[in-house]
Amino acid sequence: MKRPKKAIKRFKARDLILTAAMAATGIAVKAVFSPFVRLISAPLLIPGGALAGGLYMMWLIMAAGLTGKRGAASLAGLIQALLVIAAGAGGSHGLLSLVSYTLPGLAADAVFLLMRRRATDLPGCVVSCSAANLCGTVAVNLIFFRLPLIPLLLGLTAAAFSGGTGGVLAWHLLRALRRFDIIAEN
């Protein structure tokens, strides 16, 4: 296993800045959309993050796509956790945020690795973003909600669909950035 200091050296300053920017964007998107999503999700007994998580998790995929580095989604998730803990932002679960925000990034990176894909192709983005949102939904459920089976299954279904949608959005955005030579092909 790589030591953290050695693993972080793989990232150039540009990569770290882009990863932090994507992490912060994910937190900002979550803060803006969460109140609206709760209007729909609360009556269905589904956590709002399961329903709209694709919009939050796509920024983990964007970090992986912008940097082209393995582990970028995990690093973005860790940065998100540290941001919400430090800022006391909505969605902060105290120190448990380290688990609920970092695990989705680890899941996305694991899927990229297992599928031998990167954030340059549609299947990799869709499955990784779905896995991130499913992982986040399961983590939050185990830590806080402990939903009964039927609402949990509804939430997981919403998480898979929302995550897939976020993966499609991330792929299209990354593709457009490459097409206009804003970012290089990884």
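Entry 1: I began with Asp121, which is buried because its relative accessible area is 18%; buried means under 20%, exposed over 50%, and partly exposed is in between, with a 1.4 Å probe and protein chains only. Its partner is Arg117, and the two side chains meet in a salt bridge at 3.6 Å, N to O. The rule I used for a salt bridge is a side-chain nitrogen of Lys or Arg within 4 Å of a carboxyl oxygen of Asp or Glu. Arg117 is partly exposed, because its relative accessibility is 31%. A reminder to myself: side chains of opposite charge can pair when their charged atoms come close.

**A note on the source.** This is a predicted model, where local features need pLDDT of at least 70 and side-chain atom pairs count only at pLDDT 80 or more, while totals for chains, interfaces and linings use all residues. Residues are numbered from 1 along each chain as its sequence is written, and side-chain values use heavy atoms, with hydrogens and water left out.

**Entry 2: the other salt bridges.** How many salt bridges does the rule give? I get a count of three. Arg14 forms one with Asp15, with 3.6 Å between the closest N and O atoms. Asp15 also meets Lys69 in a salt bridge, again listed as 3.6 Å, N to O. Asp15 sits in helix α2 and Lys69 in the loop between α3 and α4 (72-87), so this pair ties together parts that are 54 residues apart in sequence. I noted helices as DSSP runs (H or I, at least four residues), numbered from the N terminus.

Buried or exposed, where does Asp15 fall? Asp15 is buried, because its relative accessible area is 4%. Arg14 is partly exposed at 45%, and Lys69 is partly exposed at 23%.

**Entry 3: how two helices pack.** Next I looked at α2 and helix α3 (residues 48-67), which pack at about 165° with their axes 8 Å apart. The axes are lines fitted to C-alpha atoms, for helices over the stretch in contact, and the angles run from 0 to 180 degrees between N-to-C directions. α2 and α3 are therefore roughly antiparallel to each other, a label for angles over 145 degrees. I wrote down their crossing as right-handed, meaning that the near helix is turned clockwise from the far one by less than a right angle.

**Entry 4: a nonpolar patch.** Which residues make up the nonpolar patch on the surface? They are Val32, Phe33, Phe36, Leu39, Ile40, Leu44 and Leu51, with about 700 Å² of accessible area together. Patch members have over 30% relative accessible area and no salt bridge, and nonpolar side chains are joined within 5 Å. Helix α2 (residues 13-41) gives the largest share, five residues. I checked Leu39, which lies in α2, and Leu39 counts as exposed because its relative accessibility is 65%.

Entry 5: Most residues other than glycine have a negative phi. Arg116 has a positive phi, near 55°, and is found in the loop between α5 (97-115) and α6 (122-145). Arg146 also has a positive phi, about 50°, in the loop between α6 and α7 (149-179). Arg116 is exposed at 75% relative accessibility, and Arg146 is exposed at 60%.

Key. Patches are made of residues with over 30% relative accessible area and no salt bridge: like charges are joined within 9 Å, nonpolar side chains (Val, Leu, Ile, Met, Phe, Trp, Tyr) within 5 Å. Accessible areas come from the Shrake-Rupley method with a 1.4 Å probe; for residues, only the protein chains shown count as cover. Angles under 35 degrees count as roughly parallel, over 145 as roughly antiparallel, 65 to 115 as roughly perpendicular and the rest as oblique.
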